[in-house]
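Take a look at the model shown here. The paragraphs after it lead you from one chain to the other.

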Amino acid sequence: MAIDPKKHEMPTQAPEVRAHNFSEVALGYSQETAVAEANRCLNCKNRPCVSGCPVNIHIPEFIAKVKEGDFEAAYQIINQTSSLPAVCGRVCPQENQCEKVCTLAKKFEAVGIGRLERFVADWHNAHATEKAQAPASNGHKVAIVGSGPSGLTCAGDLAKKGYKVSVFEALHTAGGVLVYGIPEFRLPKSIVAKEVETLKDLGVDIETNVIIGKTLTIDELFEMGYEAVFVGSGAGLPNFMNIPGESLKGVYSANEFLTRSNLMKAYLDDPKTPIMKGGKVAVVGGGNVAMDAARTALRLGAEKVYIVYRRSMEELPARKEEVEHAIEEGIDFRLLHNPVEILGYNNPDDPRDPKNGFVTGIRCVKMELGEPDASGRRRPVAIPGSEFELDVTAVVMAIGTSPNPLIKSTTKGLEVNSRGGIIVNEDGLTSREGVYAGGDAVTGAATVISAMGAGKVAAKSIDEYLSGK
Amino acid sequence: MYKIVRKRELNPTVTQMEIEAPLVAKKAKPGQFIILRVDEDGERIPLTVAGTDPEEGTVKIIFQIVGATTELLNHKNEGESIQDFVGPLGKATETDGIKKVCIVGGGVGCAIAMPVAQEFHRLGAEVTSIIGFRSKDLLILEDEFRACSDKLIVMTDDGSYARHGNVTVPLKEMLEAGEKFDMVIAIGPGIMMKFVVATCKPFGVPVTVSMNPIMIDGTGMCGGCRLTLNQDGKRVTKFACVDGPDFNGYEVDFDEAMSRGRMYFDYERHAHEEVCNLYKNA
């Protein structure tokens, strides 16, 4: 049988429909499509995809089960190495990981590994009747700081080994960036809630409204009998560009904009938490967070949404599918553009004019690509005299974050680097005995899967550390 | 869920509650704040800690009914619970080396100023308190301030009680008379804090102000609470939730902070009316 050179298309909501709702964009494979896609896998000997995956999912094995139509068996294989398959199948940048190194990709399109993972996880969630069982306790207690992807992964891996795991979450809902950051249309909250429930079935205890570094310190966790701590406290304060006008009303960090819409449900018709809806919106940045913010603004009723990014399409760091979806939905990409000032309304005759201080526009300069910089990407250089203004009513800054300062400032002996990231060795161990860390708290803003990988490494190290005790 | 152990009306628009939250009660210090949600899907609002009872495990909050969320909160009764209560957040008020302090509180800001005055009193500092209100019926915490102040001056804007005028009047008089405060701490509306700073400036007295911008997570994640400080000729962005809420009054850009505070003014007024109508019709 000849191999189809293209992967099976992911069915999606039509762009003109989905641009006005918050329901999931990608609808998922049918059983027939999943089996057909699985049949494109060569089951090759060297299995490059497995090493391309940060959590080393046994990819050819689970795909082989999909071919047979044994979807539950496929799920169990994924579940051996990943605690959050329904999440990863949706948000991993597969084109840079497993699918990038797929043998098939040398000649054709790679196997749709992410789409198959999502199918298998969704199938399990829809059909599984048996709850996960908590294994026999090994008597050791571990505390996890933060319930984002790294924390949940670390918790899941340790719980499966019999550890008594408590996860401490600062916000009122578990999930971290999966609930406050990634929008409903890309990752439904019900899927995150389901993954969290599975962890609870495994015996993981989740304490919301506890801020480690404030409500309790890491030293107190040890006093309470926890023998090891994993810090997955995530992204911290948003970065701004330090250009004039960033404090005008209508300028948001992406974290604030997305938190209002996602966690606080400002996207609802009659929200308790306000957000600026409609108007014209410029989102500054080119990562996944920028795409999420732009597409959220569109769904909140914006008549026009720009992505303002200082490099070109080639350097755009967002996941390919998100960029394609954004373009289909009509987001206006202003590439090789850099903001120099945000403009606001000011009535010189009436200081009490209620319109005063609200955003009216953004002044940008056009850029060209020069010599490669330290990151290997060509450095954008401003073109003199190319400044112009875009009329907008809101600006969202999506240019990264720096790690959360609360834990560093209250934990003696915890070393951080110049950017505030917690320093860890290859085992995820920090400068403090028994304290491990991973995810954005270590690396600064990165991906869900790399955070999960770090949580996994730390879980393995914690297991080795405590079983030797 | 977090139980409301006691509730007391301080004036028709200001309510005091003691909430069961043992971990927060053990940790909270004057100047710090908490974030709460009244019910599922509710808004997160920051409120300053007005006192704690670590033994009982309760935290005192005092709030003015200004919007939809505080209206909802005020309709909760003793014995009922609120959905979420997290803290303590922010840095505690700096007390080191301050032997003689002037606490200036305006309106419901007095609820935040009170535990700060009590803390200085406990530490043995000489405490002068100036508290101001729009009128007599909005007066709160007079007895509490009297108990922890070596000198207390009460002001009303309309002269309906105690001395007529705003808080900067007696402050200026004292400074002109040669009072040497190690620190003036101003807590109240932005415009009041701005004028306290202006009053102190000619005398070179340091001023600490407590900022209360719009906030969401309160843990150093969203950046909504940012404000601008003028430091050595440079404009520096700071975040009230982790860098504050106390700041050097001479550095704060009050006009910008006050403007940002009005971002959702129309929305909030509308939302508050909706909640009021809900209770009116019930």
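**A walk through chains A and B**

Start in chain A, where helix 17 (residues 448–467) lies across strand 1, strand 4 (228–231) and strand 16. This helix runs at about 170 degrees to strand 4 of chain A. Angles go from 0 to 180 degrees between N-to-C directions, with axes as lines fitted to C-alpha atoms, for helices over the stretch in contact. Helices (H or I, at least four residues) and strands (E, at least two) are DSSP runs numbered from the N terminus.

This is a predicted model, in which local features need pLDDT of at least 70, side-chain atom pairs count only at pLDDT 80 or more, and totals for chains, interfaces and linings use all residues. Residues are numbered from 1 along each chain as its sequence is written, while chains are lettered from A and ligands numbered from 1 in the order in which they are written.

Now the sheet. Five strands of chain A form an open sheet in the order 3-2-1-4-16, and the pairing is parallel. Strands pair if DSSP finds at least two bridges between them. Strand 3 (205–207) and strand 16 (435–437) of chain A stand at the edges with a single partner strand each, so one side of each is left without a neighbour in the sheet. Neighbouring strands of this sheet are turned by 20 degrees against each other on average, direction ignored. Within the sheet, five bridges join strand 1 (residues 141–145) to strand 2 (residues 164–168) of chain A. A:Val145 stands opposite A:Phe168 in strand 2 of chain A.

Next, the contact between chains. Here 30 residues of chain A are in contact with 32 residues of chain B (C-beta atoms, placed from the backbone, within 7 Å). On the chain A side, strand 5 (235–238) and helix 12 (254–261) are the elements that give two or more residues.

Move on to chain B. Its domain assignment gives domain 1 (2–89) and domain 2 (100–200); such bounds come from an automatic or database assignment. Their centres, taken over C-alpha atoms, are separated by 24 Å. In chain B, 13 residues of domain 1 are in contact with 12 residues of domain 2. Strand 4 of chain B gives the largest share of the domain 1 side, four residues.

Finish at helix 8 (residues 254–261) of chain B. Its buried residues are B:Phe254, B:Ala257 and B:Arg260 (buried: 20 or more other C-beta atoms within 10 Å of the residue's own). They cover an arc of only 130 degrees around the axis, which puts them on the same side of helix 8 of chain B. The arc is that of the directions from the helix axis to the C-beta atoms. What covers these buried residues includes helix 6 (190–200) and strand 14 (226–231) of chain B.

Methods. A residue is buried if 20 or more other C-beta atoms lie within 10 Å of its own, exposed if 12 or fewer, and partly exposed in between; C-beta atoms are placed from the backbone. Two residues are in contact if their C-beta atoms, placed from the backbone, lie within 7 Å.
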